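Student: Could you walk me through this one? I'd like the overall fold, then a single residue.
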Amino acid sequence: MSISFNKPYLTGKEIHYIELAVKSGKISGNGIFTKKCQDFFQERYGFKKCLLTTSCTDALEMCAILAEIKQDDEVIVPSYTFVSSALAFVRQGAKIVFADSRADYPGIDENKIEGLITPKTKVIVPVHYAGIACDMDKIMFLANKYNLLVIEDAAQSIDSFYKGKPLGSIGHMAAFSFHETKNINSGEGGLLAINDPRFIKRSEIIWEKGTNRAEFYRGEVNKYGWIDIGSSFLPSEIIAAYLWAQLENLAEIQKKRIEIWHKYFNGLYDWASKNGVQLPQIPDYATTNGHIFYMVCESEYQRNQIITYLKENGVHAVFHYLSLHKSSFYSNKQNGRELPQSDRYTNCLMRLPLFFELTRDEIENIINLIKRMI
Ligand SMILES: Cc1ncc(COP(=O)(O)O)c(C=O)c1O
């Protein structure tokens, strides 16, 4: 048996749409496929403005610019997350104040945020781990109380919901990823979603290297020029064409991944409770989008034993993030506060293979291997 951790799914239309983009003679960014993808997100999820980017990291960098982060502004970020959730703000000079995760879920502990807010705090970055929503009402309440911005790191959160609201639609802005490990992918790719209209006009300028070229393309001005800072954040039409083929199949992809997620959950439920392993707990207000199936083991030893055993039997399971407050880049910049839940997830969390083409037999084999081992 040989089962990889991830296998990017091809819907079969990607090459066709790429060919159309190439034949159209317009393969730079902001063309027909870019517009189709952006409109799709705006219409389906009600985001006020969407811009495709070359990655979620880029979308987060755009958020940091739009939030006007300056030297020594403070940004509250969970320590248990991908580097980009913090990096995008550090590039603008921010100081990151790391928050701990909840005991029942790797996302930010909303009850630990208020104690971290100071007069320098500007932004809170909730990361919806595994596409499972953070408690957004509590986070938005704090943002209103202290006049802060909320930037949702929705890298893993496509088509997932909080109290019926799409993730990415609740904060002032949000960033999604279409990296090849995500439910919907374009190899590398991302999306900036803006919900607060104050940021819309400037977002297009930052996206187009600090120019008003997007306005020019729409025929709203007769020449364009340099009016702000920015970068080349937009992907080419080749990427957008690929992404469009994926988006057309969103419903089918989601259905399949959620089915796989539930097969793991049901198949491992009894075993997990007998062996001190915590399976994902979905709060009443949240949904799963079948992005990640994770388990939190009793100890690092148990976690590593399971990963090794699966590997010996041809199954590639993996651990996930390493606490950012302990990273070699940031540990000396933070004040030594302990973040025990973040460290627990660093040491004890593991993820099982989850991709569209994973078969029923393969899932059963993985479940049986785990049960046989301990
Ligand atoms: C929570 C989170 N934020 C941001 C990113 C960065 O995404 P990208 O690779 O599209 O830049 C990732 C990547 O997996 C992630 O997991």
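Tutor: A note on terms before that: helices (H or I, at least four residues) and strands (E, at least two) are DSSP runs, numbered from the N terminus. This is a predicted model, where local features need pLDDT of at least 70, side-chain atom pairs count only at pLDDT 80 or more, and totals for chains, interfaces and linings use all residues. Residues are numbered from 1 along each chain as its sequence is written, and side-chain values use heavy atoms, with hydrogens and water left out.

Student: How many helices and strands are there in the protein?
Tutor: The protein has 12 helices and 12 strands.

Student: And what does the C-alpha trace span along its principal axes?
Tutor: About 70 × 55 × 35 Å.

Student: What share of the residues is buried?
Tutor: Of the 374 residues, 58% are buried, meaning under 20% relative accessible area with a 1.4 Å probe, protein chains only.

Student: Switching to R102. Where is it found?
Tutor: R102 lies in the loop that runs between β3 (95-99) and β4 (121-124).

Student: Is R102 buried or exposed?
Tutor: R102 counts as buried because its relative accessible area is 13%.

Student: Which side chain does the R102 side chain make a polar contact with?
Tutor: That of Y285, at 3.0 Å. A polar contact is a pair of N or O atoms within 3.5 Å; within protein, one must be able to donate a hydrogen and the other to accept it, and residues adjacent in sequence count only if both atoms are side-chain atoms.

Student: What else is R102 in contact with?
Tutor: Leaving aside neighbours within four places in sequence, R102 is in contact (heavy atoms within 4.5 Å) with G107, I108, D109, E110, D135, Y285, Q341 and Y345.

Key: Buried means under 20% relative accessible area, exposed over 50%, partly exposed in between (1.4 Å probe, protein chains only).
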